[in-house]
Structures are given as C-alpha cells and as structure tokens.
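The following note sets out several points on the structure for a reader new to the subject. Please consult the sequence and the model alongside each point.

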Amino acid sequence: MNDDTRYMALALSLGRRGQGNTWPNPAVGCVIVQDGRIVGRGWTAPGGRPHAEPQALAQAGDLARGATAYVSLEPCAHHGHTPPCAQALINAGVARVVAPISDSDPRVSGKGFDMLRAAGTEVTTGVLADRAARDLAGFFQRVETGRPRVTLKLASSFDGRIATATGESQWITGPQARRWVHGLRSRHDAVMVGAGTARADDPSLTVRDLGIDRQPVRIVVSRRLDLPLMGQLAQTARDIPVWICHGPHPDPILHRTWTDLGATLIGCDVQQGQIDPTALLAALGDRGLTRIFCEGGGALAASLLAHDKVDDLIGFTAGLTIGAEGLPAIGAMGLTQLSLAPRFTLQDVRAIGPDILHHWTRSA
Ligand code: AOF
Ligand code: ZN
C-alpha cells in the first residue's frame with residue numbers, strides 16, 4: 001500500500017466516525033501530513049458542522065504550510081454556514097490535496113477542485129474512490145434523487161421467521177448479534193419500523209451500552225396512528241426524536257396526542273391501503289435523512305422491497321427453525337415472476353457468536 005492509499009484509508013476511517021451524526025451533511029474525514037508525520041486529523045462534527053478540514057487545519061497550525069491534506073470528499077467551495085474548506089486549505093498554505101471523489105452537491109461539484117488548482121495547489125483524485133463512494137452513498141443518493149439510502153435488517157430463524165405463531169420472538173439471535181445491531185443503529189441517521197412491530201414489541205429503538213450520546217431518529221410508519229400511548233416510544237418522545245409517518249386524514253385526537261407527547265408527525269400518501277414507500281422516502285429525504293436503518297416488520301419490509309426501495313440487506317440468521325406457522329420476516333410482496341424479484345449481491349458474510357451475518361447490496 002503506498003502512502004496516498006494509507007493516509008486516505010485513515011481519512012475514510014475518521015469520516016466513518018461521523019456516520020449517523022452529520023445528516024444532512026456527509027460524514028467526511030481529513031488527515032494532514034507534513035514530512036511523513038500526521039499533524040492534523042478531523043472529521044465532520046455532529047450536526048454536520050464544522051466540516052472535517054478546518055478542524056484538522058486547526059490541529060496542524062503552522063505545520064499545514066507545504067503539507068498534504070487527505071480528505072475523503074472534494075473540499076467544499078461554497079459560502080454556506082461556514083467559509084469554503086477549499087479556501088481554508090489554500091489560506092493555510094497546503095501544497096497538495098488528495099480527495100477520492102467529487103461532491104455531487106451542486107454548490108460544490110468540481111468547484112472545490114477548480115478553486116484549489118487555480119490557487120496552485122496540486123490535486124490528486126481517485127484514491128480509494130470505490131470505498132469513498134460506498135461510505136458516502138447515503139449522502140450522494142439524497143443529493144441526486146432526494147431519497148435516503150435504506151438498509152433493511154432482518155434477524156430471523158434459519159427458515160426466515162421472526163416469531164412463533166403466538167408471537168414469541170425473544171430471542172431468536174444471540175446477544176452478540178443484538179449488540180452488533182446497536183452498532184449498526186448508531187451509524188444510521190434513523191431507525192425505522194412499521195406499526196405492527198411497534199405494537200407487538202414495544203421497542204425503544206435506542207442505541208444502548210455503546211457509550212454514544214447522540215441517538216438516531218426513531219421512525220414509525222403507521223397509517224392510522226394507532227400506536228400504544230403508554231409504550232416506550234410514547235414515553236421517551238420528548239427526549240429522543242420520534243417521527244411518525246401516517247396516512248391522510250388521521251384521527252385528530254390521536255394526531256394531537258402524539259404531537260403533545262413530542263412526536264413529529266409526517267403525512268404521506270397511501271397507495272393500495274399502505275403508505276406509499278416512494279412518498280415516505282421523499283418526505284424523509286426532504287427532512288435531511290441520508291441513511292435509514294429499517295428493522296421490519298414483515299409488512300413494511302415487503303412494501304419497501306416490492307417498490308425496490310431497499311439498497312442494503314443485512315441478515316442475522318440463527319440456527320433454529322420455527323416452521324411455516326411462524327411469522328415470516330417478509331410479508332406478501334405480490335410477486336408473480338422470479339425475474340421481477342429484487343436481487344442483491346453478497347458483500348460480506350461472517351459468524352457473530354452463534355449466528356451468521358450476511359450483508360447484501362442491491363444488484364445493478
Ligand atoms: C467538506 N467537508 O466535512 C463536509 C462537507 O450546509 P453547509 O454549509 O455545512 O454545507 C454542506 C455541504 O458541504 C454538503 O452538502 C456537502 O456538499 C459539503 N460537506 N464538505 O468540505 C466536510 N461535511
Ligand atoms: Zn467544507
């Protein structure tokens with residue numbers, strides 16, 4: 001591995017520290033290297049600002065002069081809430097900037113690189129570009145299509161069931177897999193479930209025991225707002241955001257009650273008796289979300305899959321079978337032909353305690 005690749009790998013890993021915390025902004029990392037020594041490190045702050053570069057530059061101080069800056073995304077060129085990072089790199093006297101890919105935000109999109117080159121700064125692009133595109137995929141997808149990226153996670157028995165016929169579901173997978181899920185939640189902007197799961201499991205959907213202080217937004221998709229008013233989500237909505245996506249003409253008393261409890265209510269169109277996934281994701285993208293972690297249940301999972309809205313699939317599969325009378329992880333998709341089934345490509349497979357984790361991304 002050459003130096004550029006090595007330092008870019010470090011910038012990317014610093015950037016990943018911000019995942020789940022920086023929306024609507026991308027989670028970027030920056031490393032400043034002077035004479036083979038790392039003199040500054042930074043990553044996008046919670047809430048998206050300050051950006052990565054000014055933080056790394058502040059650490060480097062005068063040592064930034066003549067140094068190389070490794071940034072996991074093209075430095076910004078616009079006067080937004082902060083002055084442009086490209087200008088900050090120029091002002092600090094950085095001699096060379098290495099960035100894997102350009103930013104598709106129209107305010108930047110090539111202008112950051114142009115600004116640097118115009119000032120005589122050497123620019124190198126393309127280093128670990130695939131990795132950067134993967135890390136920043138949620139940000140890019142939202143900027144380019146308005147739709148956040150969706151990861152669907154399912155923890156099921158060997159035969160794809162998430163509960164027995166009587167609704168018993170605790171626990172199918174082991175504690176290691178459940179802990180892994182908390183790590184995944186923390187790296188997403190929001191955790192999302194359907195109303196059936198919210199009623200059956202009374203989940204809190206928080207990240208626990210990982211020492212993080214910023215929680216993902218909790219989203220419940222509930223056409224009629226008929227959710228337990230004494231449940232975990234209702235009781236904690238003041239402290240940790242709860243967004244409820246509902247259909248047209250909800251019961252005004254329920255609407256008022258949930259608003260008073262502190263939830264944010266988002267009206268969405270309904271199609272064939274279900275919240276329309278296209279409208280749902282457009283509404284969530286409008287509010288700035290870039291990475292959504294959906295944890296089921298079967299009806300919401302089927303609806304997202306049937307509308308081709310799932311970008312990543314993460315399965316935790318346990319070594320037990322429940323049988324056909326158990327609750328399926330994915331409900332009816334209305335599929336008539338195999339050729340119409342959304343297909344995914346395997347990215348990773350590993351053992352997590354007694355269970356198997358498999359990660360797939362939507363095939364092109
Ligand atoms: C960078 N470094 O660490 C990040 C960047 O609303 P603003 O002014 O904060 O600008 C947000 C845009 O800045 C965002 O859409 C993306 O283009 C870029 N994010 N750029 O140079 C960073 N997070
Ligand atoms: Zn910036």
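1. How far apart do the C-alpha centres of domain 1 and domain 2 lie? They lie 34 Å apart. The domain assignment of the chain gives domain 1 as 3–136 and domain 2 as 146–362; such bounds come from an automatic or database domain assignment.

2. This is a predicted model, in which local features need pLDDT of at least 70, side-chain atom pairs count only at pLDDT 80 or more, and totals for chains, interfaces and linings use all residues. Residues are numbered from 1 along each chain as its sequence is written, while chains are lettered from A and ligands numbered from 1 in the order in which they are written.

3. Between the domains, 6 residues of domain 1 are in contact with 10 residues of domain 2 (contact: C-beta atoms, placed from the backbone, within 7 Å). On the side of domain 1 that touches domain 2, 3 residues are nonpolar, 3 are polar and none is charged (nonpolar: Ala, Val, Leu, Ile, Met, Phe, Trp, Tyr, Cys and Pro; charged: Asp, Glu, Lys and Arg; polar: the others, Gly among them).

4. An open sheet of 9 strands has the order β11-β10-β9-β8-β14-β6-β15-β18-β17, with mixed pairing (strands: DSSP runs of E, at least two residues, numbered from the N terminus; pairing: at least two DSSP bridges). At the edges stand β11 (264–267) and β17 (344–352), each with a single partner strand, so one side of each has no neighbour in the sheet.

5. Strand β10 (residues 242–246) runs parallel to β11, and 4 bridges join the two. Ile 244 has Leu 265 in β11 as its bridge partner.

How values were computed
Contact = placed C-beta atoms within 7 Å.
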